[in-house]
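User: I have a model open and want to learn how to read its packing. Please take me through it feature by feature.

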Amino acid sequence: MFESGEGRNKWILRTSNIRCASARAKPAPPDELYCFDYQGRLLEGKGQVPWEIPLYTNIYRARPDVGSIVHAHPPLTIALGISGETIRPVHQLSACFAAGVPTFGGDLINSEELGKKVAETLGDKRAILLVGHGAVTVGSDVPEAVTTALLMEETARLQLLAAAAGKVRTMPPEILNPDIKSAARFIWRFLEWEEESGAAPRLR
Ligand SMILES: [Zn+2]
């Protein structure tokens, strides 16, 4: 699911798994949208409120630069975390992880205490790996947070493959593209093209 900050008075949570173009092509079903304030109080939305709201509110409050948060339970990222590893900059599109991806162990982030600890552990980074649980990525907007989430799972896949074959080497920082925002927009446009053209997704 992905979440988008809207101003700093309220934020919207969408609970379905969607990717770029399809999100714009048709309006979200009302039962997939919730609106909260930054204290986690429900302003709009019906049905069972998702449990992990403190994860989002604490990151939004700690990071004024963050306009969108993705939280998901991607299997390869989880497997990498279980192995004791974390995401590393191992390929040409992994500059967003070069500053480090901290890890945090725990079940549901369903209390203020846990949400605060996750936000503190994330610090100023773009992603955090929740060991045995999933992934959280952040960005200034939805394309940045979503593309980072997709790249996180792809990076986990490559690391697991490389580890099975031998030693995992990271890319030297000086050859990674430092323009992470432009890279995110490029990947987002590529994903839009994939969806518009009906091509099979290459970045899942
Ligand atoms: Zn979760």
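This is a predicted model: local features need pLDDT of at least 70, side-chain atom pairs count only at pLDDT 80 or more; totals for chains, interfaces and linings use all residues.

User: What share of the residues is buried?

Analyst: Burial is a neighbour count, with C-beta atoms placed from the backbone. A residue is buried if 20 or more other C-beta atoms lie within 10 Å of its own, exposed if 12 or fewer, and partly exposed in between. Here, buried residues make up 35% of the 204 residues.

User: Which residues have the most contacts inside the largest nonpolar core?

Analyst: A nonpolar core is a set of buried Ala, Val, Leu, Ile, Met, Phe, Trp, Tyr and Cys residues joined through C-beta atoms within 7 Å. The largest one has 44 residues. Y56, I59, I69, I87, A127, I128 and V136 have the most contacts inside it. Helix 5 supplies the largest share of this core, eight residues.

User: Take V136. What does V136 touch?

Analyst: Two residues are in contact if their C-beta atoms, placed from the backbone, lie within 7 Å. Leaving out residues up to four places away in sequence, V136 touches L55, I69, V70, H71, L122, A127, I128 and L130. Now widen the view to the whole protein. Of its contacts with a separation of 6 or more, 65% are between residues 24 or more positions apart.

User: How do I describe two packed helices?

Analyst: Use the angle between their axes and the distance between the axes. Axes are lines fitted to C-alpha atoms, for helices over the stretch in contact, and angles run from 0 to 180 degrees between N-to-C directions. Angles under 35 degrees count as roughly parallel, over 145 as roughly antiparallel, 65 to 115 as roughly perpendicular and the rest as oblique.

User: Is the crossing of helix 2 and helix 4 left-handed or right-handed?

Analyst: A crossing is left-handed if the near helix is turned anticlockwise from the far one by less than a right angle, and right-handed if clockwise. This crossing of helix 2 and helix 4 is right-handed. Helix 2 contributes P54, L55, T57, N58, I59 and A62 to the contact, and helix 4 contributes E112, L114, G115, K116, V118, A119 and L122. For classes, Ala, Val, Leu, Ile, Met, Phe, Trp, Tyr, Cys and Pro count as nonpolar, Asp, Glu, Lys and Arg as charged, and the others, Gly among them, as polar. This contact of helix 2 with helix 4 has eight nonpolar, three polar and two charged residues.

User: At what angle do helix 3 and helix 5 cross?

Analyst: The axes of helix 3 (residues 75–82) and helix 5 (residues 142–165) cross at roughly 50 degrees and come within 8 Å. Helix 3 is therefore oblique to helix 5. Helix 3 passes helix 5 in a left-handed crossing. On helix 3, the contact uses L76, T77, A79 and L80; on helix 5, M152, E153, A156, R157, Q159 and L160. The classes are six nonpolar, two polar and two charged.

User: Why does A79 count as partly exposed?

Analyst: A79 has 15 C-beta neighbours inside 10 Å, so A79 counts as partly exposed. A79 sits in helix 3.

User: How do helix 5 and helix 6 lie to each other?

Analyst: Their axes come within 9 Å and cross at roughly 80 degrees, with helix 6 spanning residues 180–197. Helix 5 and helix 6 are therefore roughly perpendicular to each other. P143, E144 and T147 in helix 5 meet K181, A184, R185, I187 and W188 in helix 6. By class, this contact of helix 5 with helix 6 has four nonpolar, one polar and three charged residues.

User: Now a loop. Where is Q39 found?

Analyst: Q39 is in the loop between strand 3 (33–36) and strand 4 (42–44). Q39 counts as exposed because it has 9 C-beta neighbours inside 10 Å. Q39 and T57 are 18 residues apart in sequence, yet 6.4 Å apart in space, C-alpha to C-alpha.

Conventions: Residues are numbered from 1 along each chain as its sequence is written. Helices (H or I, at least four residues) and strands (E, at least two) are DSSP runs, numbered from the N terminus.
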